[in-house]
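Welcome to a short walk through a structure. Please open your viewer, show the cartoon, and keep the selection tool at hand.

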Amino acid sequence: MSKILCSVATKGRYFSTLPLVLNAIINQTKLPDKLVIFDDNDEPQDMRNEFIYQHFFRILDIKGIQWEWLFAGKKGQHHIHQAANTMGFDWVWRVDDDAIPEPNVLETLSSYIDDKVGAVGGAILTPPLLFENSDPTGLLENIDNEPSVQWKNIKQVKSVEHLHCSFLYRAGIHDYNLGLSRVAHREETLFTYGLHQKGFVLLTVPNAITWHMKNPKGGIRDGQKQEMFDHDERIFRNIINYKEKTIVVLNNGMGDHVVFSKILPDIKNPVVFGCYPEIIPCKPIVEAQALFGDLDQWNIYKKMAEWNWTESIEKAYRKLYL
Amino acid sequence: MILISPYSKKLSNGKTNPKNYPFWKEVIEGINEPVIQIGIEGEEQLTADFRKNLSIPEIKQLIKDCRLWISCDSFIQHLASLSGKRGIVLWSVSDPNIYGYPENVNLLKSRDCLSKNQFLWWESVEFDASKFVTPEEVLYNLSNF
């Protein structure tokens, strides 16, 4: 039985849309195994003193849902999502603090879980419904020219290349890009496309509507600046430019390069950034840093630590890249 | 000819790398054939023939030409694995199941000596000579190689 974590990142919405979101989660027809609220408020409060939250916490206990209220590091929601991604659950259902899922959403999304699926998203609707007559493909190459597949009522299951906002995803497979700024613009697109690149199917499915209120006050991106959006957009475009390639980053020692050379022939369309071109022909590592912002997702030692690895480095590389 | 690569990469904090075997002199004294040491400028010279700062092709050629090679957990074991040339690796705190190759003779005193976290910087691990096998054990394995 897959263990599902529900993750909510919140800022500035203690007394507006967050209670609605928590109420919707508590009243799902299928309950998550755990709910974690990542509180990214500048001045976080102890919500155990608030009547409505006392009520929520009691119901969570009664329904047997583990819950945790964590104070986040104010580094942006991508750091929060990455924390949820690595909490040891099989799946994470990420829900925005102004997105209200209908009661059947988690049950519906989770019904599509199988070995090939990497993420499942339902419709994310914001009244008035402006995109009902659109016919988006869900392909990354069309992202500049079409709305998200999730922004309209979904009539049938569709395989896509990226998802938006709120969805259920397979945890611990792909990292969020922590090189993005605090605004974390494009974070979910990069993340879900990464799952797609690793060979997992992304689905948009009917009968799983989340109402996105787009609360103009608060929100995890509150108070951010245009240059942060520009920075993130640059990273996004750089990664997209390499979308036909398997990006390899070897920011490590000579021996690690030698070990990696054994699996290089098995990698489809590799583009290698490394430190020792005399061992593996590669582009300079500083170029990777400039292009992609954060290289941790390719850090084989960090990965082995995360995986509690006990086998060879070569096998770890195979897990990371193949 | 026996090729030795005695030292692992220098640590950024200047301390002795906990993977560096401490009894090389005793081992070398017990070897009755030519020994070539490879390494980089600044490392202690242990043999008359010390070749520094060689290129990758030069090291590969030496690996090919030697009867066997001996090293601590360092770059040479990875390079040798490309050609399938077996050698002896002297372990202490790093795990041969992760960083080594089963085809080599991997001399580890005890798995109790292994660092609990194998994936941190080695700067955070103290050098401890008692975590290595004795020179006698190295020479015994060498004689049976």
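Which residues of α3(B) are buried? They are B:F75, B:I76, B:Q77, B:H78, B:L79, B:A80 and B:S81. Here a residue is buried if 20 or more other C-beta atoms lie within 10 Å of its own, exposed if 12 or fewer, and partly exposed in between, with C-beta atoms placed from the backbone. Helices (H or I, at least four residues) and strands (E, at least two) are DSSP runs, numbered from the N terminus.

Before going on, note that this is a predicted model, in which local features need pLDDT of at least 70 and side-chain atom pairs count only at pLDDT 80 or more, while totals for chains, interfaces and linings use all residues. Residues are numbered from 1 along each chain as its sequence is written, and chains are lettered from A and ligands numbered from 1 in the order in which they are written.

**Stop 1: α3 of chain B**

Keep α3(B) selected: seven of its nine residues are buried, so this helix is mostly covered. Now colour its surroundings. The cover over those buried residues includes α7 of chain A, along with β1 (2–5), α2 (56–65), β4 (68–72) and β5 (87–90) of chain B.

**Stop 2: where the chains meet**

Show both chains. Ten residues of chain B are in contact with 15 residues of chain A; two residues are in contact if their C-beta atoms, placed from the backbone, lie within 7 Å. On the chain B side, α3 (75–83) and α4 are the elements that give two or more residues. The largest share, four residues, comes from α3(B). Colour that side by class and you will find seven nonpolar, two polar and one charged residues. In this scheme Ala, Val, Leu, Ile, Met, Phe, Trp, Tyr, Cys and Pro count as nonpolar, Asp, Glu, Lys and Arg as charged, and the others, Gly among them, as polar.

**Stop 3: α10 of chain A**

Select residues 313–321 of chain A, which form helix α10. Its buried residues are A:I313, A:A316 and A:Y317. Why do they sit on the same side of α10(A)? They cover an arc of only 100 degrees around the axis, the arc being that of the directions from the helix axis to the C-beta atoms. An α-helix has 3.6 residues a turn, so residues three or four places apart point the same way.

Now look at α7(A) against α10(A). The two pack at an angle of about 65 degrees, with their axes 9 Å apart. Axes are lines fitted to C-alpha atoms, for helices over the stretch in contact, and angles run from 0 to 180 degrees between N-to-C directions. The crossing is right-handed, meaning that the near helix is turned clockwise from the far one by less than a right angle. To see the contact, show A:D256, A:V259 and A:F260 of α7(A) with A:I313, A:E314 and A:Y317 of α10(A). By class, this contact has four nonpolar, no polar and two charged residues.

**Stop 4: the two domains of chain A**

Zoom out and colour domain 1 (4–234) and domain 2 (244–321) of chain A, with bounds that come from an automatic or database domain assignment. Their C-alpha centres lie 30 Å apart. Six residues from each domain take part in the contact.

Then select A:K245, in the loop between α6 (226–241) and β10 (246–250) of chain A. With 14 C-beta neighbours inside 10 Å, A:K245 is partly exposed. Beyond its neighbours within four places in sequence, A:K245 is in contact with A:N269, A:P270 and A:V271.

**Stop 5: backbone details**

Most residues other than glycine have a negative phi, and most peptide bonds are trans.

- A:A184 is not a glycine, but has a positive phi of about 55 degrees. This residue is in the loop between β8 (167–170) and α5 (187–197) of chain A, and is buried, with 27 C-beta neighbours inside 10 Å.
- A:N308, in the loop between α9 and α10 of chain A, also has a positive phi, of about 50 degrees. A:N308 is exposed, with 8 C-beta neighbours inside 10 Å.
- A:P127 and A:P128 are joined by a cis peptide bond with omega about -5 degrees. Find A:P128 in the loop between β6 (117–125) and β7 (158–160) of chain A.
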